[in-house]
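Okay, everyone, thanks for coming. Let me put the structure up and then walk you through a few spots.

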Amino acid sequence: MKLKDEESTAPQARTEGLIVREAEGEVLVYDPERHRAICLNQTAALVWRGCDGRTTVAGLARLLHDELDAPLAESAVWLALDRLGREHLLRERVRRPPGRAAISRRDLVRRIGVAAALPLITSILAPTAKAAASCLQSGMACTSPVECCSQLCPGAPNGACA
């Protein structure tokens, strides 16, 4: 993945091949290619949706301010863009301009004092269908320990997964 590094960079969200659902103020994104489920809080979702290839980082910061009525700076946008890039939710990862050091979520909270409005992106690795079906659940009949998720199959062949 290439990195853009111009100050006026206008990031562009990757949307193709993704399954996107809204849920209680958050956006859930499933990337079947990478088998990853990604949850974007309201702030991160606003940044991602604002990444239209025309809106600059400064424009995204204004969007956040207008939508959330919170004193968020460009550093909050950069925090979201860093994570969106790592999760492959941008067409190209965006590099911070020289002189703009990365800032952690914790440092940003200390600086502006608004934790609820900061971008939060969480993800999990979703099992493939084959992996999800590779073991028996607790209480199901088994013939070998390999079939049980817990690896415990007491008294095979008529035992049950522990």
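**Around aspartate 31**

So, the backbone nitrogen of glutamate 33 sits 3.1 Å from a polar atom of the aspartate 31 side chain. Quick caveats: this is a predicted model, where local features need pLDDT of at least 70 and side-chain atom pairs count only at pLDDT 80 or more, while totals for chains, interfaces and linings use all residues. Residues are numbered from 1 along each chain as its sequence is written, and side-chain values use heavy atoms, with hydrogens and water left out.

Back to aspartate 31: you'll find this residue in strand β3, residues 26-31 (strands are DSSP runs of E, at least two residues, and helices are H or I, at least four, numbered from the N terminus). Buried or exposed? Aspartate 31 is buried, at a relative accessible area of 0% (buried is under 20%, with a 1.4 Å probe and protein chains only). Leaving aside residues up to four places away in sequence, aspartate 31 touches Arg14, Leu18 and Arg36 (contact means heavy atoms within 4.5 Å).

Now the neighbouring strand in the pairing. β2, residues 19-23, runs antiparallel to β3, with five bridges joining them (pairing takes at least two DSSP bridges). Alanine 23 is opposite glutamate 26 in β3. The hairpin has two residues between the strands, and glutamate 24 there takes a positive phi near 50 degrees.

Last, the helices. The axes of α1 (residues 42-50) and α3 (residues 74-86) come within 10 Å and cross at roughly 75 degrees (axes are lines fitted to C-alpha atoms over the stretch in contact, with angles from 0 to 180 degrees between N-to-C directions). Therefore α1 and α3 are roughly perpendicular, a label covering 65 to 115 degrees. Ala44, Val47 and Trp48 of α1 meet Val77, Ala80, Leu81 and Leu84 of α3.

Notes:
Parallel < 35°, antiparallel > 145°, perpendicular 65-115°, else oblique. Buried < 20%, exposed > 50% of the residue type's maximum accessible area, 1.4 Å probe, protein only. Polar contact = N/O pair within 3.5 Å; in protein donor to acceptor, adjacent residues only side chain to side chain.
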